[in-house]
Amino acid sequence: MPSPPMREELHEVAKATVRILRSCGISCFLVGGMACSLYGTSRLPNDIDMAVMTDEDTELVKLRLVSADARFYLVNSRNVWATYKVLWFRLSTNHYGGYNRSCKVDILRRGILNIPDVTPSRIRVVERLPVAPLLLLLCLKLQCWDHHGAATELRYRCKQSADAGDINELLTIAVANGENLSKERWMPEQFVRETEERVSRYLRREWDSHGREQWRALGFRTDRNR
């Protein structure tokens, strides 16, 4: 099997994606596992998740990338009913195994998966790459944990333990950095409320009393239920 992308290759893919999007006037930033890794979590992701602050159709954004750099290409989704294409980036050949290697790039338009509008001034830069604000990233990762746990397909439910690992590490990093919800009042009220509902579910599932104190230190309520 082809070997997964190495850290430097993930950086290469992210930089190429950012360069093209910026040349098109599209503000963007990393979310997902790559963003978590840049903040200091230990798990190395297998793909790139890029949030784009545009109302342009996601498929058109993908076509911009494919047209600008031949290393990007599109394939049909494994879901036969899907109307979207999956974006990939060609990596260097594994000379030992002779496999063609690629890295998947997910383009997530604002509003998709509850990603709020983030102004350029709020986007953080880590290792010269644009990254989601830390508390926003934590909220989105918690949402992933929740969605994966509710999924009907086993391949998605299996991702929940990795989500929990990222969340626990991000919590520690956020508290150490002095992050607090009071500094992020721009985040939509409904988004924060739904996050706090997920926090309650997460704590019931994980049985983590230390995590409860960490969430509270960040300014989140831990007793909100639907």
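Analyst: We can begin with contacts, where contact means heavy atoms within 4.5 Å. Leaving aside neighbours within four places in sequence, Asp-166 is in contact with Cys-36, Thr-41, Arg-43 and Lys-141. This is a predicted model, in which local features need pLDDT of at least 70, side-chain atom pairs count only at pLDDT 80 or more, and totals for chains, interfaces and linings use all residues. Residues are numbered from 1 along each chain as its sequence is written, and side-chain values use heavy atoms, with hydrogens and water left out.

User: Where is Asp-166 found, and is Asp-166 buried or exposed?

Analyst: Asp-166 is found in helix α6 (residues 160-176), helices being DSSP runs of H or I with at least four residues, numbered from the N terminus. With a relative accessible area of 2%, Asp-166 is buried, a term that means under 20% relative accessible area with a 1.4 Å probe and protein chains only.

User: How are two packed helices described?

Analyst: The description uses the angle between their axes and the distance between the axes. Here the axes of α6 and helix α7 (residues 189-206) come within 13 Å and cross at roughly 105°; axes are lines fitted to C-alpha atoms, for helices over the stretch in contact, and angles run from 0 to 180 degrees between N-to-C directions. The two helices, α6 and α7, are therefore roughly perpendicular to each other, the class for angles of 65 to 115 degrees.

User: Which residues of α6 and α7 meet?

Analyst: Gln-160, Ala-164, Ile-167 and Asn-168 in α6 meet Tyr-202, Arg-205 and Glu-206 in α7.

Terms used:
Buried < 20%, exposed > 50% of the residue type's maximum accessible area, 1.4 Å probe, protein only. Parallel < 35°, antiparallel > 145°, perpendicular 65-115°, else oblique.
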